[in-house]
Amino acid sequence: MNAFLNKADCFLMIVDIQERLHVAMEQEIKDTYVKNGIILIRTASALDMSIIVSEQYPKGLGKTIHEVAGPLEGIPAMEKLSFSCMRDEAMKGAIHDTGRKTAILAGIETHVCVMQTALDLMDAGFRVVIASDAVCSRRAADRVAALDAMARLGILVYPTETIAFMLMERAGTPEFKILSPLFR
């Protein structure tokens, strides 16, 4: 398996970064996962990659938090009740409509919706990448266990900066000049 990422084959999924879920996340990584989720959104936008956003039962769990919703302006969130995005027919259709075969996932909770989505994507023939520092759970042990399990199952687990620099491929491009301040 080629472990390198190619922007022409990738799409980004932002999974359930919602108001009532966000406040319950582990404190140690709470700011980090949001910051890195935003970096991934800005990277995907600058590189003209498809972005899919899910919201788990927004009536009860709230909308996407405003810090993340800002850079997603114009990209509608798709409501779901299934924990896996692939088990919602509209989302499954949107994923297939990207025409891309590599999914980069960020969001919450790592051990529930992110992991179930990743496993279903893998079973459907997609290559899956988890942004290890752009996912979160209520408990650190759950996040760590889920990342370890996904890696052992063949899902790529990379830090946000690794993902972004692989997608950019080189310095000196207009995209690099736009995005490089995010990494200072």
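Residues are numbered from 1 along each chain as its sequence is written, and side-chain values use heavy atoms, without hydrogens and water. Because the model is predicted, local features need pLDDT of at least 70 and side-chain atom pairs count only at pLDDT 80 or more, while totals for chains, interfaces and linings use all residues.

Helices (H or I, at least four residues) and strands (E, at least two) are DSSP runs, numbered from the N terminus. Helix H7 covers residues 140-152, and its 13 residues should span 18 Å at 1.5 Å a residue. The expected span is 1.5 Å times one less than the number of residues. The end C-alpha atoms of H7 are 18 Å apart, in agreement with that value. Within H7, the residues Arg143, Ala146, Leu147, Ala149 and Met150 are buried, where buried means under 20% relative accessible area, exposed over 50% and partly exposed in between (1.4 Å probe, protein chains only). These five residues of H7 lie on the same side of the helix, because they cover an arc of only 165 degrees around the axis. The arc is taken from the directions from the helix axis to the C-beta atoms. An α-helix has 3.6 residues a turn, so residues three or four places apart point the same way. On the face of H7 turned away from its buried side are the exposed residues Ala141 and Arg152. The cover over the buried residues of H7 includes helix H2 (27-46), helix H6 (110-123), strand S5 (127-136) and strand S6 (156-158).

Contact means heavy atoms within 4.5 Å.

Asp16 sits in the loop between strand S1 (10-15) and H1 and is buried, with a relative accessible area of 0%. Apart from residues up to four places away in sequence, Asp16 touches Leu21, Ser54, Glu55, Gln56, Lys80, Ile108 and Cys113. Leu21 belongs to helix H1 (residues 19-22) and is buried at 16% relative accessibility. With the residues up to four places away left out, Leu21 touches Asp16, Leu61 and Ile108. His22, also in H1, is buried at 13% relative accessibility. Beyond its neighbours within four places in sequence, His22 is in contact with Lys30, Tyr33, Val34, Ile65 and Ile108.

The structure holds 0 disulfides, a disulfide being a pair of cysteine sulfur atoms within 2.5 Å. For Cys10, the closest cysteine sulfur is that of Cys85, 17 Å away and too far for a bond. Cys85 is in no disulfide either, and its nearest cysteine sulfur, in Cys113, is 7.0 Å away. Cys10 is buried, at a relative accessible area of 0%, and Cys85 counts as buried at 0% relative accessibility.
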